[in-house]
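Work through the exercises below with the sequence and the model open. Each task is followed by a solution in steps.

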Amino acid sequence: MDKLRVGYIGLGAMGKPMALNILKAGFPLTVFNRTVEKAEELLTAGAEWADSPADLARRSDVVFTNVSNTADVLSVVLGQSGVREGVRPGMIFVDNSTISPTGSREIYESLRALGVSALDAPVSGGEIGAQNGSLTIMVGGDAESLELVRPILNAVGKKITHIGGAGAGQIAKAANQIMVAAQMVAEAELMIFAQKAGADPVKVIEAIKGGAAQCWTLDVKPQRLFAGNRTPGFKASLQAKDLAIVMETARQNLMSLPGTAVSAQLFNALCAMGEGDLDNSAVIRVIELLNNEALQTA
Ligand code: NAP
């Protein structure tokens, strides 16, 4: 059987390495990105260029998107010259972006009317996971469609879980972001706390990494901050966007999440300071200001 023809839209920090891994796995690949230059590496590696999301859909069996937020995915899929204009019955649409569960359900219904099955398949694992093909993928939508695209997802992820119907993958990702944001804030507080109280934060992190505080954030982020590197990675503005999704979903379901509300406010503050394009670990800047203490870097 011929390999499925894959189309990939959105070649940012995540989409570009993910699309490259799909190409390396041997799937014929067509790409589209709003900023054309970001496609160069993929085109050199053998991908084809499409002039619009609709054009890309016409030339693909499975279409992926990986753009910033809910409004961006809706415009790329349902807007003018969007994916919806180029689809045909039997195709599968997969969204790797992190957006609201309601946005994913809207896309699912809209494409289902044209005989297209939509999966929300947000990912976790950061730029490093995207480069290594080791992402965690949380999937909402029809289980049979997931099985059809699983060979493609295997090229980008190590753990792929069908969570439930349309939007369930986004609920899982939002839940994940509750923990990630809390870790970024806790890491920032513990570093500034240790330093200002008189202990070397480098030694503190090394000491506690393997104990009860062990987590992905402590494994990956401190060395960047100690080196003075606050470039993304995962942009703080995207972290703020994800926390807004959590709080909005909580409101819709009459829930109170006080801890996450604090995280959301701290990330909003970082964005308000004009630093939303920094890495999400740069939330330490807000904690530095609150405590009049700058983290010492090597
Ligand atoms: P990024 O580097 O900022 O890239 C965003 C991509 O979306 C770019 O290709 C951008 O095109 C495109 N885009 C944005 N708005 C668009 C629009 N209206 N129309 C067409 N294209 C549009 O972001 P990223 O870090 O790759 O994140 C992408 C998604 O993955 C987000 O939903 C994010 O929350 C999620 N995510 C990110 C990480 C991470 O560690 N970075 C981890 C897990 C999940 P241009 O090139 O033209 O700007």
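**Exercise 1.** At roughly what angle do the axes of helix α4 and helix α5 cross?

The model is predicted: local features need pLDDT of at least 70, side-chain atom pairs count only at pLDDT 80 or more, and totals for chains, interfaces and linings use all residues. Residues are numbered from 1 along each chain as its sequence is written, and side-chain values use heavy atoms, with hydrogens and water left out.

Step 1. Locate the helices: α4 covers residues 70-78 and α5 covers residues 101-112. Helices are DSSP runs (H or I, at least four residues), and strands are runs of E (at least two), numbered from the N terminus.

Step 2. The axes come within 10 Å and cross at roughly 10 degrees. Axes are lines fitted to C-alpha atoms, for helices over the stretch in contact, with angles from 0 to 180 degrees between N-to-C directions.

Step 3. The helices α4 and α5 are therefore roughly parallel to each other (angles under 35 degrees).

Step 4. On the α4 side, the contact (heavy atoms within 4.5 Å) is made by Thr70, Val73, Leu74, Val77 and Leu78. Gly103, Glu106, Ile107, Ser110 and Leu111 make it on the α5 side.

**Exercise 2.** Describe the surroundings of the ligand.

Step 1. There are 26 residues around the ligand (a heavy atom within 4 Å), and Asn33, Thr35, Lys38, Lys235 and Lys241 come nearest.

Step 2. Helix α4 gives the largest share of this shell, three residues. Helices α4, α6 (126-132) and α12 (236-252) each supply at least two.

Step 3. List polar contacts (N or O atoms within 3.5 Å). Oxygen atoms of the ligand lie 2.4 Å from a polar side-chain atom of Thr35, 3.3 Å from a polar side-chain atom of Asn66 and 3.3 Å from a polar backbone atom of Gly12.

Step 4. The ligand taken alone exposes 900 Å², of which the protein buries 90% (Shrake-Rupley areas, 1.4 Å probe).

**Exercise 3.** Which residues does a cis peptide bond join?

Step 1. The bond joins Pro232 and Gly233, with omega about 5 degrees.

Step 2. Gly233 sits in the loop between α11 (222-226) and α12.

Step 3. For context, most peptide bonds are trans.

Terms used. Parallel < 35°, antiparallel > 145°, perpendicular 65-115°, else oblique. Polar contact = N/O pair within 3.5 Å; in protein donor to acceptor, adjacent residues only side chain to side chain.
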